[in-house]
Amino acid sequence: MTKEPILLAYSGGLDTSIIIPWLKENYDCDVVAIVGQVGIGVDDDALTRKALTCGAEKIYIEDLAEDYIVNYIYPTLKAEAKYEGSYLLGTSTARPCIAKRMVEIAQAENCTAIAHGCTGKGNDQVRFELAIKALAPEMKIIAPWRLWDITSRDEEIDYANARNIPVPVTKEDNYSMDQNIWHLSHEGMDLENPGNEPKHSALLNIVASLEQTPDQGEYVEIEFVSGIPVRVDNVTGDVDMLTYLNDKAAKHGVGVIDIVENRLVGMKSRGVYETPGGTVYYAAHRQLELLCLERDTLHYKDLVAQRFADLVYSGQWFHPLREALSAFVDKANETLTGTVKLKLYKGNIIPAGTSSPFSLYDEALSTFDEDDVYNQSDATGFINLFGLPTQVVAQMKQRAGMMEEK
C-alpha cells in the first residue's frame, strides 16, 4: 500500500530536523519537506542531504523572497503597521507567505496533512494554521509540539543525538532565532529574564553594535511610487534594494529593538529583533506621509495601522478585515510618491529632506514672514466656533457652582 504523504514545513533547524523521524515513527507516512526560502541564502545541496538523511522522501526548496517583499512586506509597510508600536512584523509577515506555498505543494503532492514545528506556546502555530484553514479548509494539520512527550529544547537535542541527527545548536548555545530578508529575531536563554541586558556580542548577527559603527554619518536616498520603494540610492529591484539597505543600515547600528511583547496565546515574551533595512523603509515612508497626507486621513490611517498590525501578528493575513484595511491603505498611499533623504548615524535615522509632486506643504501659508494669502483675523471666528462646546460646558459649571477654585 502507498503510504500517507505528509508535508512538513522544514527549516533544517532543531525542531523540524527531529520532526521528520518522529512523523515516520508515529504515522504510516512519507514525509515531503518544504523550505520556504524568504531571502536568506541557503546551501540547497546541504539542506537536501540533511532532510533526506533525516528520513524525508522529497524536499522542495522554494525561493519566495520576491513574493514575500512585494505581497507581504510592502502592504504592511504601506500601512506603517507596527505591533505594539515597535515590532516590524518580520516573522508575522513571512508565515502566510510560506504557508501559501505549503498549501500549493501539499495539494500538488496529494498530501493528506501538513505538519509544522511550532511550539504550543508560540504565535507561529496560529499563523501557519489560520493560513492553511483559509486556503485549504479541508487539510489536516499536525503539530508535534502539541502531541509528543518532548518538553524542552534540551530534550530535543537528546532525541536528535539518539538518532544521529545533526543539529545546529548545543545545550549551551540554543537561542531560538528566525531570519529572513526583513529581520532576525532572538529569543530564549538569557533573554528569558527581562532583567538581563542582551549580550550583543552573541546576538547581533546583522546589525553592528554602536561601538563598532563609523564615526561619520552616511546618507541614503529612497524613492517611492504610491508608497512602494522603487529606488534606494542607485539600486533598483525589490530584493536588491532591501539587501543593499540592510547592509548600509546595519553598518550604522540602525534597526535593533529589545522588547517584551504580548503573545497572542496570552503570555508575555522577550525578544531582540534586528530589522535594519526595514526600519529605514518605515522612517522614509513616514516622512512622505507627513508631507503628502492631510490631517484627517493621516490620523485615521494611524488607527488603521494598529489594527492592521494586530491582525498580521495574530495570523489573520487572509482575513477579510485585513484585506479590507489594505484597500483603504492602498487608497491612502496613492499620493505617496517622492524622494526621501535620510542620514544614518550611530543607530539614528535623521530626516535630511523630502520632496514630492503631491506635497501638501505650502510655504506661502506656513511662513512666519509677511504673506498675502492668509488672513490672520479669520482665526478669531474659527477659535470661537471650535471652542464653543468648551465654553458652554464651562458656563454650565459656573451656573451649577461646579467650577473648581484655582
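These are my notebook entries on a predicted model.

**Ground rules.** I worked with a predicted model, in which local features need pLDDT of at least 70 and side-chain atom pairs count only at pLDDT 80 or more, while totals for chains, interfaces and linings use all residues. Residues are numbered from 1 along each chain as its sequence is written, and side-chain values use heavy atoms, with hydrogens and water left out.

**Whole protein.** I looked up the secondary structure and found 14 helices and 13 strands. Both are DSSP runs numbered from the N terminus: helices are H or I with at least four residues, strands are E with at least two. Along the principal axes, the C-alpha atoms fill a box of roughly 85 × 55 × 45 Å. Of the 406 residues, 47% are buried. I took buried as under 20% relative accessible area, exposed as over 50% and partly exposed as in between, with a 1.4 Å probe and protein chains only.

I then looked up the surface: the protein exposes about 20,400 Å², and carbon and sulfur atoms supply 50% of it. The areas come from the Shrake-Rupley method with a 1.4 Å probe, and for residues only the protein chains shown count as cover. A contact means heavy atoms within 4.5 Å. Among contacts between residues at least 6 apart in sequence, 72% join residues at least 24 apart.

For charges, I noted 37 positive and 61 negative, with mean positions 4 Å apart. Lys and Arg count as positive, Asp and Glu as negative, and His and the chain ends are not counted. Each charge is placed at NZ of Lys, CZ of Arg, CG of Asp or CD of Glu.

**Annotated region.** The unreviewed UniProt entry lists residues 6–166 as "domain: Arginosuccinate synthase-like N-terminal". UniProt positions are in the numbering used here, feature names are shortened, and annotations may be inferred rather than shown by experiment. I found residues 6–166 to be 50% helix and 16% strand, with the end C-alpha atoms 22 Å apart.

**Gly55.** I placed Gly55 in the loop between α2 (44–54) and β3 (58–63). Gly55 counts as buried because its relative accessibility is 16%. Leaving out residues up to four places away in sequence, Gly55 touches Ile20 and Lys24. Val32 is 23 residues from Gly55 in sequence, and their C-alpha atoms are 9.5 Å apart.

**Leu89 and α4.** I noted a positive phi of about 65° at Leu89, which is not a glycine. Leu89 lies in the loop between α3 (65–79) and α4 (90–108), and at 0% relative accessibility Leu89 counts as buried. Helix α4 has 19 residues and reaches 28 Å from its first C-alpha to its last, close to the 27 Å expected at 1.5 Å a residue. The expected span is 1.5 Å times one less than the number of residues. Because 14 of its 19 residues are buried, α4 is largely enclosed by the rest of the structure. Just after α4, I found Asn110 with a positive phi of about 55°.

**Ser226.** Ser226 also has a positive phi, near 50°, and is not a glycine. I placed Ser226 in the loop between β8 (218–225) and β9 (228–232). With a relative accessible area of 29%, Ser226 is partly exposed.

**Helix α9.** In α9, 12 of the 17 residues are buried, so α9 is largely enclosed by the rest of the structure. Among the buried residues I listed Tyr281, Tyr282, His285, Glu289 and Cys292.
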